[in-house]
Amino acid sequence: MNICVFLSAADLDERYTRPAREFATLLGKGGHTLVWGGSDVGLMKVVADGVQEAGGRLVGVSVRFLAAKTRPGVDEMVVARDLAERKKLLLEKADAVVIMVGGTGTLDEATEILELKKHGHTDKPVVLLNTAGFYDGLKEQFRRMEDEGFLPRPLTDLVFFAEEPVGALAYLEESRGVE
């Protein structure tokens, strides 16, 4: 399975890096491919290292203004013109999506895939990995959107909230019929 991971390129402390690396190791050992922003810094590097060390493949999709930070030695690297093309390519190459901790770029990517699912333009499974309660506020906001009628589909049709890496990957594998 090609699993797109949206996440930060920032250097973060162990409460975020440890679970990210755990997920990456599970992904690689499961024979899956990481589809990610292609960066060789911060949390993006942590995840790419973990996947590669565990035997998984790496498919990066960077963007011109970040091309100097791309990871060498990947299985495939594409450099998009702009952020919009990057998101499009990331989603095209993915069978499933995991949203890890991140900033505004990660949130932009997350809301794009959820909007596509909301309107029936994709059926790819999406997991929000709520490491250290990072997305508790967002989860509450999504529930409010659902409760107050802003979502035309049940929230559970759009996204699965996982508290631990093993639950995130198990959900994706079950959703895609991977054994």
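The buried residues of H4 pack against quite a list of partners: S1, H3, strand S5 (96-99), strand S6 (126-129), H5 and H6. Keep in mind as you look around that this is a predicted model.

**Helix H4**

Which residues of H4 are buried? They are Thr 106, Glu 109, Ala 110, Ile 113, Leu 114, Lys 117 and Lys 118. H4 is followed by Gly 120, which has a positive phi, near 75°.

What does Thr 106 touch, once its neighbours within four places in sequence are left aside? Its contacts are Phe 6, Leu 7, Ser 8, Ile 99, Met 100, Val 101 and Tyr 135.

The largest pocket has a volume of about 340 Å³, and 21 residues line it. Nearest its centre lie Met 44, Leu 66, Arg 86, Gly 105 and Glu 109. Glu 109 also belongs to the buried set of H4. Strand S1 (2-6), helix H3 (83-93) and helix H4 (104-118) each give at least two residues to this lining.

The second largest pocket holds about 150 Å³ of space. Its lining is made of Thr 111, Leu 114, Glu 115, Lys 118, Phe 142, Met 145, Phe 150, Leu 151, Leu 155 and Leu 158. H4, helix H5 (136-147) and helix H6 (155-158) each provide two or more of these residues. Which element gives the most to that lining? H4 does, with four residues.

Here is how the two linings divide by residue class:

| Pocket | Nonpolar | Polar | Charged |
|---|---|---|---|
| Largest pocket | 10 nonpolar residues | six polar residues | five charged residues |
| Second largest pocket | seven nonpolar residues | one polar residue | two charged residues |

**Aromatic rings**

Next, the rings. How many aromatic pairs does a search of the whole structure find? The search finds four. One of the pairs is Phe 142 with Phe 161, a tilted arrangement with 6.5 Å from centre to centre and 50° between the planes. Phe 142 sits in helix H5 and Phe 161 in strand S7 (residues 160-162), so this pair ties together parts that lie 19 residues apart in sequence. Both Phe 142 and Phe 161 are buried.

Why does the pair of Phe 160 and Tyr 171 count as stacked? The planes of the two rings are at 5°, with the centres 4.2 Å apart, so the pair is stacked; the cut-off for that label is planes under 30 degrees apart. This pair links distant parts of the chain as well, with Phe 160 in strand S7 and Tyr 171 in helix H7 (residues 165-175), 11 residues apart. Phe 160 is partly exposed, at a relative accessible area of 30%. Tyr 171 is partly exposed too, at 24%.

There is also an aromatic cluster, formed by Tyr 16, Phe 134 and Tyr 135.

**Two loop alanines**

Finally, have a look at a couple of loop residues. Ala 94 lies in the loop between H3 and S5. Is Ala 94 buried or exposed? Its relative accessible area is 3%, so Ala 94 is buried. Not counting residues up to four places away in sequence, Ala 94 touches Asn 2, Cys 4 and Lys 124. Ala 94 and Val 35 are 59 residues apart in sequence, yet their C-alpha atoms are 6.6 Å apart in space.

Ala 132 has its place in the loop between S6 and H5. With a relative accessible area of 53%, Ala 132 is exposed. Its backbone deserves a glance: phi is near 55°, a positive value in a residue other than glycine. Most residues other than glycine have a negative phi.

Note on methods
Residues are numbered from 1 along each chain as its sequence is written. This is a predicted model: local features need pLDDT of at least 70, side-chain atom pairs count only at pLDDT 80 or more; totals for chains, interfaces and linings use all residues. Side-chain values use heavy atoms; hydrogens and water are left out. On a 1 Å grid over the protein atoms alone, a cavity is a set of points where a 1.4 Å probe fits but cannot get out, and a pocket is an open set with protein on both sides within 12 Å along at least five of seven lines; lining residues have an atom within 4 Å of a point. Grid points are joined across faces, edges and corners, and a volume is the space filled by probe spheres set on the points. Ala, Val, Leu, Ile, Met, Phe, Trp, Tyr, Cys and Pro count as nonpolar, Asp, Glu, Lys and Arg as charged, and the others, Gly among them, as polar. Buried means under 20% relative accessible area, exposed over 50%, partly exposed in between (1.4 Å probe, protein chains only). Contact means heavy atoms within 4.5 Å. Rings of Phe, Tyr and Trp (its six-membered ring) pair if their centres lie within 6.5 Å; planes under 30 degrees apart count as stacked, over 60 as edge-to-face and the rest as tilted.
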